[in-house]
Amino acid sequence: MLSTESVQALVLLAAKARENAHAPYSGYRVGAAVVAEDERVFAGCNVENASCGLSLCAERAAIAAAVACGEKRLIAAVVVTDAEPPGTPCGACRQWLAEFGGDDMEIIAANLRGQTRRFTLKQLLPEAFQLDPERPRSR
Ligand code: THU
């Protein structure tokens, strides 16, 4: 479990990334931070597009930044919005988190008023879809 101090620092980092959100269509700004097993932290924000279906969520932006730096084992994710109660990751992001985090991955939803909600990934996405990359598949 992350300490209260670690959560506070991660919330600040995600809130900082949120300031860079590109959300002119929804007005819903999101910042995220993911923590790798070796404690490196990567931030992301949502990036919307005039073709709205192409919008990228903050969580997936942060995960992509981690993977680009060689991190594929994530232990925690923090998402910051201005929502009350704090907004949890969308379904697609939960599936992305499940690709790189275990059932016990910590997911923390926070808002700008200091409210936090803490979950495990299993709570947010029980029975996540998974494929064994070692297993040969028919074409
Ligand atoms: N969004 C995120 O960044 N993360 C989520 O988990 C939920 C939704 C973004 C996508 C879009 O830019 C805006 O929030 C409104 O849906």
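**Ligand site and pockets**

The structure is a predicted model. The shell around the ligand comprises 6 nonpolar, 2 polar and 2 charged residues, and the largest pocket holds about 510 Å³ of space.

**Ligand surroundings**

- Surrounding the ligand are Ser26, Tyr28, Val30, Asn46, Glu48, Cys57, Ala58, Glu59, Pro89 and Cys90.
- Glu59 places a polar side-chain atom 2.7 Å from an oxygen atom of the ligand.
- On its own the ligand has 370 Å² of accessible area, of which the protein covers 78%.

**Second largest pocket**

- This pocket has a volume of about 170 Å³.
- Its lining consists of 15 residues, with Tyr28, Val30, Cys57, Glu59 and Cys90 nearest the centre.
- Helix 2 (58-68) and strand 3 are the elements that each give two or more residues to this lining.
- By class, the lining of the second largest pocket has 8 nonpolar, 5 polar and 2 charged residues.

**Largest pocket**

- The largest pocket, with about 510 Å³ of space, is lined by 26 residues, and Ala98, Phe100, Gly101, Gly102 and Asp103 are the closest to its centre.
- At least two lining residues come from each of strand 3 (74-81), helix 3 (91-100), strand 4 (101-111) and helix 4 (121-124).
- Strand 4 contributes the most to this lining, with 6 residues.
- The lining of the largest pocket divides into 14 nonpolar, 4 polar and 8 charged residues.

Technical notes:
Residues numbered from 1 in each chain as written. Predicted model: local features only at pLDDT ≥ 70, side-chain atom pairs only at ≥ 80, totals over all residues. Heavy atoms only, no water. Near = heavy atom within 4 Å. Polar contact = N/O pair within 3.5 Å; in protein donor to acceptor, adjacent residues only side chain to side chain. Areas by Shrake-Rupley, 256 points an atom, 1.4 Å probe, with all protein chains shown as cover. Nonpolar A, V, L, I, M, F, W, Y, C, P; charged D, E, K, R; others polar. 1 Å grid on protein atoms, 1.4 Å probe; cavity = no way out; pocket = protein on both sides within 12 Å on 5 of 7 lines; lining within 4 Å. Points joined across faces, edges and corners; volume = space filled by probe spheres on them. Helix = DSSP H or I, 4+ residues; strand = E, 2+ residues; numbered from the N terminus.
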